[in-house]
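Here are my notes for a first look at this protein. Have the model open beside you and follow the points in order.

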Amino acid sequence: FDQRVMPFSQMSIKGFVWYQGENDMGHVFGNSEYSKGYSCEVPKMVAEWRSVFSKEPGTTSPDAPFGLVTLASSGGEGHPDIGGMYFAQMGSYGDIPNKVFPNTFLAHAFDLADPFSNITCYKIGCCETPPNPTKDCH
């Protein structure tokens, strides 16, 4: 945060979009009402970013829109409890905006996976031929 976000905090921006990433989502999801876990951490992060970016008068609005990108449940990342993670991303309310996430929205991510990263389907015969990234598609 200090090195990658703070240098931009005096800029005027219209809003935020936050993509958590799947690799570090497997911990206590918690509940924002009880100030526990991820459900509590994300609303605090949103409030902190809004506070930091609106500190300089005349720059970013203190209630600037904040988008949370849902995590893709497929591909090489994901997590066995992706439904619980979605719920936690919304402060355990099941939808946003809500009382802990005013002026927020969800941006849904869908990961189709990389067909070049796993050649298993070619070995077992469910794909016709291995992909050729250098071949012209026309």
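1. One term before we start: a helix axis here is a line fitted to C-alpha atoms over the stretch in contact, and angles run from 0 to 180 degrees between N-to-C directions. Helices (H or I, at least four residues) and strands (E, at least two) are DSSP runs, numbered from the N terminus. This is a predicted model, in which local features need pLDDT of at least 70 and side-chain atom pairs count only at pLDDT 80 or more, while totals for chains, interfaces and linings use all residues. Residues are numbered from 1 along each chain as its sequence is written, and side-chain values use heavy atoms, with hydrogens and water left out.

2. Now the overall layout. The protein has 3 helices and 3 strands, and from the N terminus on they run β-α-β-α-β-α. Of its 138 residues, 34% count as buried (buried is under 20% relative accessible area, exposed is over 50%, and partly exposed is in between, with a 1.4 Å probe and protein chains only). Take the contacts with a separation of 6 or more: 62% of them come from residues 24 or more positions apart (a contact means heavy atoms within 4.5 Å).

3. Next, the sheet. The 3 strands form an open sheet in the order β1-β2-β3, with parallel pairing (two strands pair if DSSP finds at least two bridges between them). β1 and β3 stand at the edges with a single partner strand each, so one side of each has no neighbour in the sheet. On average, neighbouring strands of this sheet are turned by 25° against each other, direction ignored.

4. Look at how β2 is held on its two sides. Strand β1 (residues 16-19) is joined to β2 by 4 bridges; here Val17 stands opposite Gly67 and Tyr19 stands opposite Val69. Another 4 bridges join β2 to strand β3 (residues 104-107), and there Gly67 stands opposite Phe105. Within β2, Phe66 and Leu68 point one way and Gly67 and Val69 the other way, and all are buried.

5. Which residues of helix α2 are buried? In α2 (residues 82-89) they are Ile82, Gly84, Met85, Ala88 and Gln89. These residues are on the same side of α2, because they cover an arc of only 155° around the axis (the arc is that of the directions from the helix axis to the C-beta atoms). What they pack against is α1 (37-53) and β2 (66-69).

6. How do α1 and α2 cross? Their axes come within 8 Å and cross at roughly 40°. The two helices are therefore oblique to each other (angles under 35 degrees count as roughly parallel, over 145 as roughly antiparallel, 65 to 115 as roughly perpendicular and the rest as oblique). Tyr38, Ser39 and Val42 of α1 make the contact with Met85, Ala88 and Gln89 of α2.

7. Met85 and Tyr38 are 47 residues apart along the chain, and their C-alpha atoms are separated by 8.5 Å.

8. Then check the backbone after α2. Most residues other than glycine have a negative phi, and most peptide bonds are trans. Gly91, which follows α2, has a positive phi near 70°. In the loop between α2 and β3, Ser92 also has a positive phi, about 70°, although it is not a glycine; at 13% relative accessibility, Ser92 counts as buried. Asn103, in the loop between α2 and β3, has a positive phi near 50° and is partly exposed, with a relative accessible area of 38%. The peptide bond from Ile96 to Pro97 is cis, with omega near 5°, and Pro97 is in the loop between α2 and β3.

9. Finally, Thr59, in the loop between α1 and β2. Thr59 is partly exposed, at a relative accessible area of 22%. Leaving aside neighbours within four places in sequence, Thr59 is in contact with Gln10, Met11, Ser12, Phe53 and Ser54.
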